[in-house]
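Open the model in your viewer and keep the selection tool at hand. This tour goes from one selection to the next.

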Amino acid sequence: MANVTFSSPRMKKDLTVYAVAGDTKTLLAVAKANNVPLQSECENGECGSCQVQVSVLSGKTPIGVALTEKEKLVLKLAGKITAQQIADAETKDLPPPWRLACQMVVRDEDILVKF
Ligand code: FES
């Protein structure tokens, strides 16, 4: 079970929801299921409207990620990820601070999502 806390000036207060471990929902799907006003247009990793800043709250080492090529490209064009962060994600399993909610699968870790 993972706690996902959404925080945004677009919300009256932060909202923490529970995502079932082993579920393979995207962060965007979790947001939509809980009426979180997270922007999205293409829902396919192409427009960049669902950019979010993600941090792990547990104090543990973040779970490694495999960024899609689309996510790398869109975040790079938006200036939200560096070549070094892409390399770190690929070689050291270090997730970058910015993600696309429609591409990010929620894992079994507590996270803070700012948008
Ligand atoms: Fe377009 Fe996520 S909704 S990139």
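Start with a pair of side chains: are Glu71 and Arg99 buried or exposed? Select both. This is a predicted model, and in it both Glu71 and Arg99 are buried. Their side chains meet in a salt bridge, with 2.8 Å from N to O. Glu71 lies in helix α2 and Arg99 in strand β4 (residues 98–100), so the pair ties together parts that are 28 residues apart in sequence.

**The whole chain**

Zoom out and colour by secondary structure. The protein has three helices and five strands. Read from the N terminus, the elements run β-β-α-β-α-α-β-β. The radius of gyration is 13 Å, close to the 13 Å that the globule rule gives for 115 residues, so the protein is as compact as a globular protein of that length.

Turn the model along its principal axes. The C-alpha atoms fill a box of roughly 35 × 30 × 25 Å. Of the 115 residues, 39% are buried. Now consider contacts between residues at least 6 apart in sequence: 71% of them join residues at least 24 apart.

**The nonpolar core**

Next, select Val4, Phe6, Leu27, Leu38, Val52 and Val113. The largest nonpolar core has 29 residues, and these six touch the most other members. Which elements supply at least two residues each? They are β1 (2–7), β2 (15–19), α1, β3, α2, α3 and β5 (111–114). The largest share, four residues, comes from α1.

Stay on Val4 and show its surroundings. Leave aside the neighbours within four places in sequence. Val4 is then in contact with Leu15, Thr16, Val17 and Ala19, among others. Further along the chain, the contacts of Val4 include Leu27, Val106, Ile111 and Val113.

**Helix α2**

Select residues 69–77, which form helix α2. Which residues of α2 are buried? They are Glu71, Lys72, Val74 and Leu75. An α-helix has 3.6 residues a turn, so residues three or four places apart point the same way. The buried residues of α2 pack against β3, α3 and β4. Just after the helix, click on Gly79: its phi is positive, at about 75°.

**Salt bridges**

How many salt bridges does the structure hold? There are six.

- Glu43 and Lys32: they form a salt bridge, with the closest N and O atoms 2.3 Å apart. Glu43 lies in the loop between α1 (27–33) and β3 (51–56) and Lys32 in helix α1, so the pair ties together parts that are 11 residues apart in sequence. Glu43 is partly exposed, with a relative accessible area of 41%. Lys32 is also partly exposed, at 43%.
- Glu46 and Lys70: here the closest N and O atoms of the salt bridge are 4.0 Å apart. Glu46 lies in the loop between α1 and β3 and Lys70 in helix α2, so this pair ties together parts that are 24 residues apart in sequence. Glu46 counts as exposed, at 52% relative accessibility. Lys70 is partly exposed, with a relative accessible area of 33%.
- Glu69, Lys72 and Glu90: select these three together. They are linked in a network of salt bridges.

**Asp88 in helix α3**

Move to Asp88. It is found in helix α3 (residues 83–91). Why does Asp88 count as buried? Asp88 has a relative accessible area of 15%, and buried means under 20%.

Show what surrounds Asp88. Not counting residues up to four places away in sequence, Asp88 touches Asp93 and Leu94. Then draw a distance from Asp88 to Gly64. The two are 24 residues apart in sequence and 9.8 Å apart in space, C-alpha to C-alpha.

**Last stop: a charge over a ring**

Select Lys80 and Trp98. What sits over the ring of Trp98? The charged end of Lys80 does, 4.0 Å from the ring centre. How many aromatic pairs does the structure hold? The count is zero.

Methods: Residues are numbered from 1 along each chain as its sequence is written. This is a predicted model: local features need pLDDT of at least 70, side-chain atom pairs count only at pLDDT 80 or more; totals for chains, interfaces and linings use all residues. Side-chain values use heavy atoms; hydrogens and water are left out. Rings of Phe, Tyr and Trp (its six-membered ring) pair if their centres lie within 6.5 Å; planes under 30 degrees apart count as stacked, over 60 as edge-to-face and the rest as tilted. A charge sits over a ring if NZ of Lys or CZ of Arg is within 6 Å of the ring centre and within 35 degrees of the ring normal. Buried means under 20% relative accessible area, exposed over 50%, partly exposed in between (1.4 Å probe, protein chains only). Contact means heavy atoms within 4.5 Å. A nonpolar core is a set of buried Ala, Val, Leu, Ile, Met, Phe, Trp, Tyr and Cys residues joined through side-chain atoms within 4.5 Å. The radius of gyration is taken over C-alpha atoms; the globule rule is 2.2 Å times the number of residues to the power 0.38.
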